Amino acid sequence: MTGGFVQLRDTRFVALGQAADAWQAYGRQAAALEDRSVQTLIGPLRRSGWAGPAASAALPQADTVDDQFEIRARTARLIDVVLDEASARFAQLQSALHDEVEAARTAGFRVGEDGVAQPIHDEEASAADAWTDRIAAVVKRAGQLDDQVAGVLAGLRPDGQGKTGADDWNRMSDAAEDVAVWLGVDPKRVPPPGSSPQRVADWWKGLSDQQRQLYLDAYPQLVGNLDGLPATDRDSANRLTLRSHLAELTTGDGDARDLERSQRLLDRLERNEYGDPNEQLFLLGIDNSGDGRAIVAVGNPDDAANTCVLVPGVGTTLDGMTGQIDRATTMQRGAYAQAVGTGESVSVIAWLGYDAPEADWSAISHKRAEAGAPLLDGFVDGLHVTHGNGPAHTSVLGHSYGSTVVGNAAHDGNGLAADDIITAGSPGMDVNTVADLQIDPQHVWAGAAKDDPIAGPLGSIWGIHDNEPTDPSFGANRFHVDTSGHSGYWAADSQSLANISRVVIGDYDHVTLDHGHAP
């Protein structure tokens with residue numbers, strides 16, 4: 001801190017607070033411009049159907065505008081935090097300096113412009129030296145603080161190029177981590193993976209707005225997958241994690257498969273920003289290791305009156321996540337079609353939160369289902385913890401081996417916190433009867449196409465995962481399926497999709513049944 005004693009004594013640090021307010025206002029402007037660019041520029045272009053070489057050149061540039069504004073908004077918030085904290089800390093040190101100077105004067109010493117204490121009368125020189133040392137210690141602390149603030153702000157300096165590259169997201173996150181460290185926002189305080197959703201929610205609510213934002217910006221990979229955090233916060237953290245991962249892949253010697261699937265997922269997430277507000281996507285989980293995992297909600301589950309968790313089966317990896325999002329979107333649209341006039345909202349979540357088996361002998365093993373069950377259980381519990389508009393109707397649908405995961409989750413512990421359990425194309429749920437699922441039997445629904453080689457009459461001969469759920473002896477409601485094959489249950493205008501949709505919104509009386517009794 002150049003200027004030392006005089007600068008600390010006389011500087012009006014309230015101006016730093018005013019500068020912080022200005023950066024906060026700038027951040028709000030940048031966020032507003034980001035929203036405006038989506039609504040008036042990028043959205044109309046994306047929805048126009050424009051295609052061809054010119055579109056291929058123009059659309060990425062439009063997306064870059066969106067990215068620029070978001071990075072600037074996040075950076076401005078961080079600068080606001082730094083300046084606001086610096087203002088408070090410098091003011092405290094200034095007050096401490098004034099106290100020391102006043103105390104020295106009371107004791108009979110004058111303090112010069114160089115910060116050195118001199119006796120006014122006959123006081124001992126050694127006492128003057130002691131006051132000088134005390135004053136110098138305060139000035140030294142101010143100098144150290146000045147260096148810290150300068151270092152943190154240096155990391156938040158814009159590149160000045162007027163364009164956004166993949167690595168800009170990493171630079172912003174690294175700078176946020178520097179700010180977090182300076183402010184004592186400790187990553188070790190993040191609840192570990194597998195913590196109860198209520199514990200996570202309580203921890204999150206106990207933080208200040210500033211602390212929450214720093215955890216999202218600085219440690220997104222630690223908080224984004226935690227059950228118990230609001231969907232909007234998980235989405236913010238996980239998108240930053242995905243962007244940072246893409247930056248590493250594009251600037252280093254990245255895996256081509258990982259790069260392609262990660263970019264495809266990000267493109268899909270961004271594309272939905274420009275469409276139907278009901279179909280906004282929320283990235284609730286991401287893991288790029290191995291075959292990869294992701295959890296994507298179509299519609300915000302924290303606000304939805306009806307939420308369905310779709311658990312996919314054999315062969316599902318991050319490479320095919322966009323297909324799972326398509327299926328979840330089809331389900332959501334089907335549910336809205338059945339709910340016309342009710343005004344109820346719907347969220348459908350593509351939950352690839354476990355390591356699905358490959359299309360080999362691992363599909364007949366119980367291990368993947370057993371490992372995935374507690375992950376699914378915790379996720380569903382988290383939906384109830386974060387839901388903000390009263391009770392929600394929650395259903396869980398397992399397709400293929402996904403139903404085996406659902407069966408294990410419902411059978412274990414206290415069961416699944418779901419109002420309804422649905423299976424489609426199930427090879428079995430690792431239980432023999434509906435009584436083992438710890439739920440009212442009338443709220444278990446099973447469907448199988450006649451020619452599905454995995455489920456129904458054809459699949460039941462395998463007996464791999466115990467009794468097939470559509471068998472009358474299992475005890476579930478068998479809803480009518482008029483589609484073909486193992487993955488046709490969501491065909492447009494089918495009875496199968498309509499029946500699944502009716503269960504999702506709790507319209508049980510209109511579900512067409514082959515056997516069983518609706519609640």
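Q: W445 and Y508: buried or exposed?
A: Both are buried (buried means under 20% relative accessible area with a 1.4 Å probe, protein chains only; exposed is over 50%, partly exposed in between).

Q: What am I looking at, and how are residues numbered?
A: This is a predicted model, with residues numbered from 1 along each chain as its sequence is written. Local features need pLDDT of at least 70, side-chain atom pairs count only at pLDDT 80 or more, totals for chains, interfaces and linings use all residues, and side-chain values use heavy atoms, without hydrogens and water.

Q: How many aromatic pairs?
A: Nine. Rings of Phe, Tyr and Trp (its six-membered ring) pair if their centres lie within 6.5 Å; planes under 30 degrees apart are stacked, over 60 edge-to-face, the rest tilted.

Q: Why is F13 with F90 called stacked?
A: Because the ring centres are 5.0 Å apart and the planes are at 10°.

Q: Where do the two sit?
A: F13 is in the loop between α1 (4-10) and α2 (14-47), and F90 is in helix α3 (residues 53-106), 77 residues apart. Helices (H or I, at least four residues) and strands (E, at least two) are DSSP runs, numbered from the N terminus.

Q: What relative accessibility does F13 have?
A: 8%, so F13 counts as buried. F90 is buried too, at 4%.

Q: Back to W445 and Y508. What is the ring geometry?
A: Centres 5.5 Å apart, planes at 15°, so that pair is stacked. W445 lies in strand β9 (residues 444-447) and Y508 in the loop between α15 (495-504) and β11 (513-515), so the pair ties together parts 63 residues apart in sequence.

Q: Which residues form an aromatic cluster?
A: W203, W204, Y215 and Y219 form one.
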